Amino acid sequence: MEAREAALRQAYSHALRWLASLPERPVPARASVDEIVRALGVALPDGPSPPADVVDLLATACEPGLTAFPGSRFYGFVVGGTEPAALAADWLVSAWDQNCVMRAVTPAYTAAEEIAGAWLLDLLGLPGDSSVGFTTGATMANFTCLCAARDAVLRGAGWNVAHDGLVGGPPVRVLAGESRHMAIDLALRYLGLGRPELVAADDQGRMRPEALRNALPAGGQVPTLVVLQAGDIHSGAFDPFGECVRAAREAGAWVHVDGAFGLWAAASPRYDRLTAGCADADSWATDAHKTLNVPYDCGLAIVRDGSALRAAMGQRGDYLIQHEHGDPIDKVPELSRRGRAFTVWAALRSLGRSGVAGLVERLCRHASAFASGIAAIEGATILNDVAFTQVCAGFGDDERTDRVLARLLDDGTAWISGSTWHGRRVMRISVSNWSTTDEDVSRTLDAIRRAAADA
Ligand SMILES: *Cc1c(COP(=O)(O)O)cnc(C)c1O
C-alpha cells in the first residue's frame, strides 16, 4: 500500500514538473533514442525494485527525450493537447482500471459513455439516435464505420459477409476523394476492399460533386461506399457535403465521412457552415484526441444505423454477461479496453457547449493569425485558403522552404512539420492545442521570421 502511494506521489510530482516546463522548454526532444536507452539501462534487473524508484528513473531518464506535444507551440501533424479535466480523469481511468466491455459489469462506464455519446451527437449536429463507439483513434474509427458500411451494402445485395466472407460475393465499389487521408486506404485494406476509386478534387482537396456524380451508377445495383472528408490535412478544406451526399444517396450508396479533426467545426455556430449537409451521411469518424484535446487514445466511430454497427462489431461469448439492449463491446473492434469515454465526458463537462465552440473558434483564429503573419514575411506565400485550422506556406523554392523548417526546429520555440503538397515543399501548420494563446502565435511568428531571415 505504502509502495503504491509513494509511486503515485512520485508520478504526480514528475507530471506537475513536466507540465510546468511546457511554456518555456524547447518544443523538440533534446535527446536521441540511444541516449535515452543508456539512461534507462538495458539490463533486465534480476529482481524487484521499489515502484517509486522505478517511476523516478523512468521520468528522469525520459525527460530529455520528450517532445512538448501537449505544449502550446506544437503545430505538427494534427495533434491536440490535453484539457486539464480530461488529463485528471485519465489518471482516474488508470486507477479505476475498468474493463469497459459489458454494461452489467461496468455501469459507471456505460453511463458515462452513453451521456458523452449523446452530448457528442448534439454538439456535432448528428442524428441523435446514432451509435457512438469509442475507438483508439480515427484510423480505427474509419475502419469500424467502413466495416459496418461494407457489411450493410453487401447485406442489401443479398450477401451475408459475416457468414460467407468476401470471396465469391458481389464486388463492392468504394469511391473516395483524391485528397482523402491515408487512413482510409488502410481501413479499406483491413476490410479486404482494396484501393478506392479516386474522385477528382479541386486545388483545396474538396471533392468535385460533378466528378462524383459521373462516377456513380445511375441505378443502385452495385453495392457502393462513398467516402467524404471534413478537414483536409493540408488545406483544412471540407468536401461540399450537400451536393456529394445527395448524389451518393440517389445512387443508393452508403456515405461515410472522415472528419478526424474537421467534424468539430459543427460545434461552432461560426464554423458549422463548413459541415452543412454532413449530417445526412450514414457514418462519421472523428477523433477526441485531436480537436477536443483528450489524452491518447480516443477516436469516435458514429453510425446512424446502430444495428448495422452491432452486426459488424458485436461478439458473443458464453462467459460474458451481455445485455439485450447491447453493450459497449458491440460498437468497436476490441474486447478488453480502457474507459475512454470517461475522459471525453470530463472534457465536455468541463468545457460545456460554449467552451467547445470557443475552442474551435480559437484554433481557427490562431490559424488566420499565422496566415497573415507569414504572408507578411518577405518571400513567403500562403498556399491554401485558410478556412479552418490548417495553414500551408511556401518560402520560395523547395530548398529554401526546407531550410526555414530546419532552422525553425533548431530554434526550438515551436514544432512545425514540412510536407509536400501539390508537388512542392510546404511548411504545414496545424493549430490543434487548447492552450495556444495569441502570445504563443506571436512568439512562433517571431521564430519563423528569424528562420526565414537566415535561410
Ligand atoms: C489524424 C487523421 C486520421 C487518423 O487518425 P488517428 O487518430 O491518427 O488514427 C484520419 N483522417 C484524418 C483526416 C486525420 O487528420
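Author: A salt bridge is a side-chain nitrogen of Lys or Arg within 4 Å of a carboxyl oxygen of Asp or Glu. The structure discussed here is a predicted model.

Reader: Why is the pair Asp202 and Arg206 called a salt bridge?

Author: The closest N and O atoms of Asp202 and Arg206 are 2.8 Å apart. The limit is 4 Å, so a pair at such a distance qualifies. By this rule the count comes to 24 salt bridges.

Reader: How do you know whether Asp202 is buried or exposed?

Author: Asp202 has a relative accessibility of 18%, and buried means under 20%, so Asp202 counts as buried.

Reader: What makes the salt bridge of Arg340 with Asp297 a tie between separate parts of the sequence?

Author: The closest N and O atoms of Arg340 and Asp297 are 3.5 Å apart, within the limit of 4 Å. Arg340 lies in helix α12 and Asp297 in the loop between β6 and β7, so the pair ties together parts that are 43 residues apart in sequence. Arg340 is buried, because its relative accessibility of 8% is under 20%. Asp297, with 30%, is partly exposed.

Reader: Why is the contact between the side chains of His14 and Asp56 called a polar contact?

Author: A polar contact requires a pair of N or O atoms within 3.5 Å. The side chains of His14 and Asp56 meet this limit at 2.7 Å. His14 belongs to helix α1, and its relative accessible area of 14% is under 20%, so His14 is buried.

Reader: How do you know which residues surround the ligand?

Author: The shell has 13 residues, and among the closest are Thr139, Asp258 and Lys290. A polar side-chain atom of Asp258 lies 2.7 Å from a nitrogen atom of the ligand, and an N or O atom in the side chain of Lys290 is 2.8 Å from an oxygen atom of the ligand. The protein covers 85% of the 380 Å² of accessible area that the ligand has on its own.

Notes. Residues are numbered from 1 along each chain as its sequence is written. This is a predicted model: local features need pLDDT of at least 70, side-chain atom pairs count only at pLDDT 80 or more; totals for chains, interfaces and linings use all residues. Side-chain values use heavy atoms; hydrogens and water are left out. A residue is near a molecule or strand if one of its heavy atoms lies within 4 Å of it. A polar contact is a pair of N or O atoms within 3.5 Å; within protein, one must be able to donate a hydrogen and the other to accept it, and residues adjacent in sequence count only if both atoms are side-chain atoms. Accessible areas come from the Shrake-Rupley method with a 1.4 Å probe; for residues, only the protein chains shown count as cover. Helices (H or I, at least four residues) and strands (E, at least two) are DSSP runs, numbered from the N terminus. Buried means under 20% relative accessible area, exposed over 50%, partly exposed in between (1.4 Å probe, protein chains only).
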